[in-house]
Amino acid sequence: MLLPEVRRSKAILQQVLRKLSEQKRANLLYATLKTIEEDGGIKLEDSNCTVGISTCARAKMWQQALKLLEVMPEMKLQPNVISYNATISACEKGGQWPQALKLLEAMREMKVQPNVISYSAAISACEKGGQWPQALKLFEAMRKGKVSLDVISYNATISACEKGRQWPQALKLLEVMPEMKLQPNVISYNATISACEKGGQWRQALMLFEAMRKGKVALDVISCNATISSCEKGGQWPQALKLLEAMPEMKLQPNVISYSAAISACEKGGQWPQALKLLEAMREMKVQPNVISYDAAISACEKGGQWRQALKLFEAMRKGKVSLDVISYNAAISACEKGGHLRQALKLLEAMREAMRTAATSFNR
């Protein structure tokens, strides 16, 4: 239907492609370009293919984006840095880090100079694929190749280190940013705090959190949650509670992650009354407790020898239709065992086995 229209002029073709791109109709845009290319009635231009690749990238259609890039030489079109960047970005969004690296290599072979966008997209692809050594390798290649580094490059590399539990590397990258005349933003700090949290470095996480406040970097819920989680993993329940309580003063609304991390901190610190208070506070604040919130509170009661409270929470989960998991059952069973109620423990064990059998049957259907 579109072919007679676009045959009339390149301007109409460009208009049609732009409209399809705005409407995010990647499949139709891709089909239109393929039809025009096969028809041969009008010669496609670099910009037409780039629009198609970019639209496919936004739709996470990395295969189609790659195909458009590959057919460009057949159409006597030379892929440029914009075409390659859009395709690398498509691979990044599609979780295809090996393809992103291949494209970066292809750019060099085709004498197309990768720029900061090319490298940043490839680093992000490696970050999403959990390939932190590759991300650092690309970052070093940027420095050696004298490609201008920007905040996005640093953030993507710090995030890759965070996912790879490489907190010293993440911290080093954050610290060097001001030396490079780059201002770390909330993403830079959040990723580094999360790296410290994963590495059990609660003191470093708190220091970074304070640096954000002093440096007037806009804190968000993620900043607070990552720092609370750091305190939880470090067994620092008073610090975790202090941060949770300070969130409203910072004009931030604690969410289920904030509360769950604080409850876990209380559980690890043997503070079952505090854990129960937080669970109650969630309901008052209209924050729906999830399986993590309940599991942590049940474990806190188990450690505090409060088997009745543990069972009460377990029943609340069932009545509230919160999905029970192995941790829920194990914590409740352990609480009963510590309270000397072996019959109740065995009853829960049988209920867990029955739940697992039901789940397995449903899965196999």
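In this predicted model, helix α5 meets helix α6 through Trp62, Ala65, Leu66 and Leu69 on the α5 side and Ser83, Tyr84, Thr87, Ala90 and Cys91 on the α6 side. Sorted by class, the contact of α5 with α6 holds seven nonpolar residues, two polar residues and no charged ones. Helix α5 covers residues 62-71 and helix α6 covers residues 81-93. Their axes come within 8 Å and cross at roughly 155°. Angles over 145 degrees count as roughly antiparallel, and α5 and α6 are therefore roughly antiparallel to each other. The crossing in which α5 passes α6 is left-handed.

Leu103 brings a further helix into this picture. This residue lies in helix α7, residues 97-109. Leaving out residues up to four places away in sequence, Leu103 touches Leu66, Leu69, Tyr84, Thr87, Ile88 and Cys91. Of these, Leu66 and Leu69 are α5 residues that also take part in the contact with α6, and Tyr84, Thr87 and Cys91 belong to the α6 side of that contact. For Leu103 and Tyr84, the separation is 19 residues in sequence and 7.0 Å in space, C-alpha to C-alpha. Leu103 has a relative accessibility of 6% and therefore counts as buried, since the cut-off for buried is under 20%.

The crossing of α10 and α12 is left-handed. On α10 the contact is made by Val151, Asn155, Ile158, Ser159 and Glu162; on α12 it is made by Ile187, Ser188, Ala191, Thr192, Ser194, Ala195 and Lys198. The residues in the contact of α10 with α12 divide into five nonpolar, five polar and two charged.

With a relative accessible area of 3%, Thr55 is buried. Residues up to four places away in sequence again set aside, Thr55 touches Ser21, Ala26 and Leu29.

By class, the contact of α5 with α6 has no charged residues, while the contact of α10 with α12 has two.

Note on methods
Residues are numbered from 1 along each chain as its sequence is written. This is a predicted model: local features need pLDDT of at least 70, side-chain atom pairs count only at pLDDT 80 or more; totals for chains, interfaces and linings use all residues. Side-chain values use heavy atoms; hydrogens and water are left out. Axes are lines fitted to C-alpha atoms, for helices over the stretch in contact, and angles run from 0 to 180 degrees between N-to-C directions. Helices (H or I, at least four residues) and strands (E, at least two) are DSSP runs, numbered from the N terminus. Angles under 35 degrees count as roughly parallel, over 145 as roughly antiparallel, 65 to 115 as roughly perpendicular and the rest as oblique. A crossing is left-handed if the near helix is turned anticlockwise from the far one by less than a right angle, and right-handed if clockwise. Contact means heavy atoms within 4.5 Å. Ala, Val, Leu, Ile, Met, Phe, Trp, Tyr, Cys and Pro count as nonpolar, Asp, Glu, Lys and Arg as charged, and the others, Gly among them, as polar. Buried means under 20% relative accessible area, exposed over 50%, partly exposed in between (1.4 Å probe, protein chains only).
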